[in-house]
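Student: I have a protein model open on my screen, and I would like to learn how to read its features one at a time. Could you guide me through it?

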Amino acid sequence: GVVPELASREHLRALPMMVDRALDEARGPVELVAVTAGPGLIGALLVGVRFAAAFAWARRLPLVAVDHLEGHLVSPLLSLDGEAARPEPEPMLALVASGGHSSWYLMESDSRRRLGQTRDDAAGESFDKVAQVLGLGYPGGPAMDKLAREGDSQAVALPRPQLPDAPLDFSFSGLKSAAIRWVRTRGADELSTDGTVLRDFAASFEAAVVDQLLQPLPELARRHRPVALAASGGVAANTLLRRRLSDWGREHDLEVLLPAPALTTDNAVMIAAAGQAAHALGREDDPRRLDARAREAWQPPGMRRCESAASESR
């Protein structure tokens, strides 16, 4: 996976070149600087935050710190054809599923409320680690998705752990461990010589992950009566997840918003959109004082109120 020190060095090397390219291709002058300030790997965040702060300060441009998860949450509202972001339906249930995060949120105009989350591994991390054991490379999600399209999702029995004390949360560590044990008991020779076995396993594992992600949906919809559903993050590019979420929305007469596959993984467009929305509400950060924070509990100054269901009930 990602090695934090190497990621930080690559950010430092690539960021100036990417900014120069973006400025060359921009349709007009830069009016605002938006930067991811957390959560994430602290080294990579520091590179981006300090670069953005210096860029904004030197050019006397407004600077807005963006919560990385807020960027994912607004990504289903964006398009790749140059159109403005669409208005946000309210209320909307939104799933963020990536290599580092797996949570359900309730999106309303003045808040982002986390309703359920993974208790251990993220869904994307589970895809990546199982794919690594299979020798499929990193990231593992796309390779697993491709194999699963030709496999039997009922072929391999894998667990779907339930949490009696937290029915709206999910856990992927047990599923990941069971999948890795299954792979190791078969051995590389069996999996490499019989493509059917590998495809069936990929389909079975994919189905187990998607079952876990969607298990809280009926209860969340009953409680909050959304007008729309959304999914974002790298796992939102998964074919089965997109199909099942779309089918569920049609069955219950709910609009389903899914970002284009190119916008599911981390991207600058979603951060720009979140920064624009924050700035339009009068939010701005001081480049001399802005800092990065790695923890998910932290949110950049001025971002929309985001609280968990647990904190709300206290």
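Predicted model: local features only at pLDDT ≥ 70, side-chain atom pairs only at ≥ 80, totals over all residues.

Student: How many helices and strands does the protein chain have, and how compact is it for its length?

Tutor: The protein chain has 11 helices and eight strands. Its radius of gyration is 20 Å, close to the 20 Å that the globule rule gives for 314 residues, so the chain is as compact as a globular protein of that length. Along its principal axes, the C-alpha trace spans about 60 × 45 × 40 Å.

Student: What share of the residues is buried, and what share of the contacts comes from residues 24 or more positions apart?

Tutor: Of the 314 residues, 48% count as buried. Among contacts with a separation of 6 or more, 74% are accounted for by residues 24 or more positions apart. The accessible surface comes to about 15,800 Å², and 51% of that surface belongs to carbon and sulfur atoms.

Student: Which residues touch the most other members of the largest nonpolar core?

Tutor: The general idea is that in soluble globular proteins nonpolar side chains tend to be buried together. Here the largest nonpolar core has 49 residues, and those that touch the most other members are L93, W104, F201, F205 and L213. Helix α7, residues 195–214, supplies the largest share of this core, with 12 residues. There is also a second, separate core of 21 residues, which includes A228, M270, A273 and A278.

Student: Which residues is F205 in contact with, leaving aside its neighbours within four places in sequence?

Tutor: With those neighbours set aside, F205 is in contact with S126, F127, V130, M144, L158, L175 and A179.

Student: Is α7 mostly covered or mostly uncovered, and what span should its 20 residues have?

Tutor: Helix α7 is mostly covered, for 16 of its 20 residues are buried. At 1.5 Å a residue, those 20 residues should span 28 Å, and the end C-alpha atoms lie 29 Å apart, which agrees.

Student: What is found at the start of α9, and what follows the helix?

Tutor: At the start of α9, a side-chain oxygen of N238 reaches to within 3.0 Å of the backbone nitrogen of L240. The helix is followed by D253, whose phi is positive, near 55°.

Student: Which other residues have a positive phi without being glycine, and are they buried or exposed?

Tutor: One of them is R60, with phi near 55°, found in the loop between α2 and β2. R60 is exposed, because its relative accessible area is 78%, and the cut-off for that word is over 50%. Another is R225, whose phi is near 45° and whose place is the loop between α8 and β6. R225 is likewise exposed, with a relative accessible area of 65%.

Student: Is D169 buried or exposed, and what does its side chain reach?

Tutor: D169, in the loop between α5 and α6, is buried, because its relative accessible area is 14% and buried means under 20%. Its side chain reaches the backbone nitrogen of Q117 at 2.9 Å. Not counting residues up to four places away in sequence, D169 touches L115, G116, Q117, R119, L163 and Q215.

How values were computed. Residues numbered from 1 in each chain as written. Heavy atoms only, no water. Core = buried A, V, L, I, M, F, W, Y, C linked by side-chain atoms within 4.5 Å. Buried < 20%, exposed > 50% of the residue type's maximum accessible area, 1.4 Å probe, protein only. Helix = DSSP H or I, 4+ residues; strand = E, 2+ residues; numbered from the N terminus. Contact = heavy atoms within 4.5 Å. Expected span 1.5 Å × (residues − 1). Polar contact = N/O pair within 3.5 Å; in protein donor to acceptor, adjacent residues only side chain to side chain. Rg over C-alpha atoms; globule rule 2.2 N^0.38 Å. Areas by Shrake-Rupley, 256 points an atom, 1.4 Å probe, with all protein chains shown as cover.
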